[in-house]
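Work through the exercises below with the sequence and the model side by side. Try each task before reading its solution.

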Amino acid sequence: MTSERDIGTCIACGNAYVPGLIGFLRCPRCGLLYSRQKAGFGNPIKGMTAIAFRNYAIVANALERVMPLREAKVLDVGSAEGGFTELIQRKGGVALGLEPDQEAATEALQKKLPVELVSFESFAGGEKEYDAIVLNDVFEHMQDPDFSLEKSHKLLRDGGLLLINLPLSSGFVFRMVSAAARLGMESPYRRMWAQGLSSPHIYFYSEANVTRLLAKHKFELVDQGRLVAMATEGMYQRVRSTYSPLPALVISAVANLVALTSKIFPADVKYLLFRKK
Ligand SMILES: [Zn+2]
């Protein structure tokens, strides 16, 4: 048997983790979930780009409401093919994308976008050099969030912004999938964690515990908002690429229903905007 001492303490509140669903760890005090998976440099699922671009626009607008983007130095961490980097440039910002995946970084460089083939962990940036740092679907993949937040704090100027866009354990879909896992249907829960895939989720946060973790690193929450978790357009075609017609019809119908109804339930994906104190 593993003792509590062996499985460590919660990075957000310091409480000891306890075994949660299917061997994943859970903090009984703040609800942080931890998979103990190893970080990878894989790409997000293809075919999700339309949703990604809708979310990029929401995220850029959220930044713009707090800080003028013209001339602003913005670090786009995990920039993939550079969609968000390009958007910041179009808005007059001085963007730099960081992407550890060679294929994605090469694609961005071919489009002449300012992207470096490097992980955030190895990136050598100047102290207080940036006005804003954006983590689009990156934070939940980070192996050592304490290190990344300390580094973000150093790289940001005083009053600089840190925007984190992430899936939430407090979201409707995650709760449904967790309920299913408790009944023995484990595969959707493992899928939520991207278990066994090239870029697994290391932690699953809620608004409350991620805010607590950020407060520990001297960041205060200034804004938050809902993002698009899945789009109903082309749902059948996306599902059909992995399933035969009849299951695809049933799955896409259910997924569409969830996508529509989940707008009135707790958000599955949000951005949280923090300011360096
Ligand atoms: Zn905790």
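## Exercise 1: a loop residue

Ala267 sits in the loop that joins helix H10 (245-261) to strand S11 (269-276). The model is a predicted one.

**Task.** Decide whether Ala267 is buried or exposed, and find which residues Ala267 is in contact with, leaving aside its neighbours within four places in sequence.

**Solution.** 
1. Count the other C-beta atoms within 10 Å of that of Ala267: there are 21.
2. A residue is buried if this count is 20 or more, so Ala267 is buried.
3. Leaving aside neighbours within four places in sequence, the contacts of Ala267 are Leu168, Gly171 and Arg226.
4. For a distance across the model, take Leu98, which is 169 residues from Ala267 along the chain; their C-alpha atoms are 27 Å apart.

## Exercise 2: a residue in a helix

**Solution.** 
1. Glu207 has 18 other C-beta atoms within 10 Å.
2. Buried needs 20 or more and exposed needs 12 or fewer, so Glu207 counts as partly exposed.
3. Leu166 is 41 residues away along the chain, and its C-alpha atom is separated from that of Glu207 by 9.7 Å.

## Exercise 3: the surroundings of H3

**Task.** Name the buried residues of H3 and the elements they pack against.

**Solution.** 
1. Phe84, Thr85, Glu86 and Ile88 are buried in H3.
2. The buried residues of H3 pack against H2, strand S4 (73-77), S5, H4, S6 and strand S7 (130-136).
3. After H3 comes Gly92, with a positive phi near 90°.

## Exercise 4: buried faces

**Task.** For helix H4 (residues 102-110) and helix H6 (residues 172-182), find where the buried residues lie around the axis.

**Solution.** 
1. An α-helix has 3.6 residues a turn, so residues three or four places apart point the same way.
2. In H4 the buried residues are Ala104, Ala105 and Ala108. Their arc around the axis is only 95°, which puts them on the same side of H4.
3. Gln102, Glu103 and Gln110 are exposed on the other side of H4.
4. The buried residues of H4 pack against H3, strand S5 (94-98) and strand S6 (115-116).
5. In H6, Val173, Phe174 and Val177 are buried. They fall within an arc of 95° seen down the axis, so they line one face of H6.
6. The face of H6 turned away from the buried side carries exposed Ala179 and Arg182.
7. Gly184 follows H6, and its phi is positive, near 105°.

Key. Residues numbered from 1 in each chain as written. Predicted model: local features only at pLDDT ≥ 70, side-chain atom pairs only at ≥ 80, totals over all residues. Helix = DSSP H or I, 4+ residues; strand = E, 2+ residues; numbered from the N terminus. Arc of directions from axis to C-beta. Contact = placed C-beta atoms within 7 Å.
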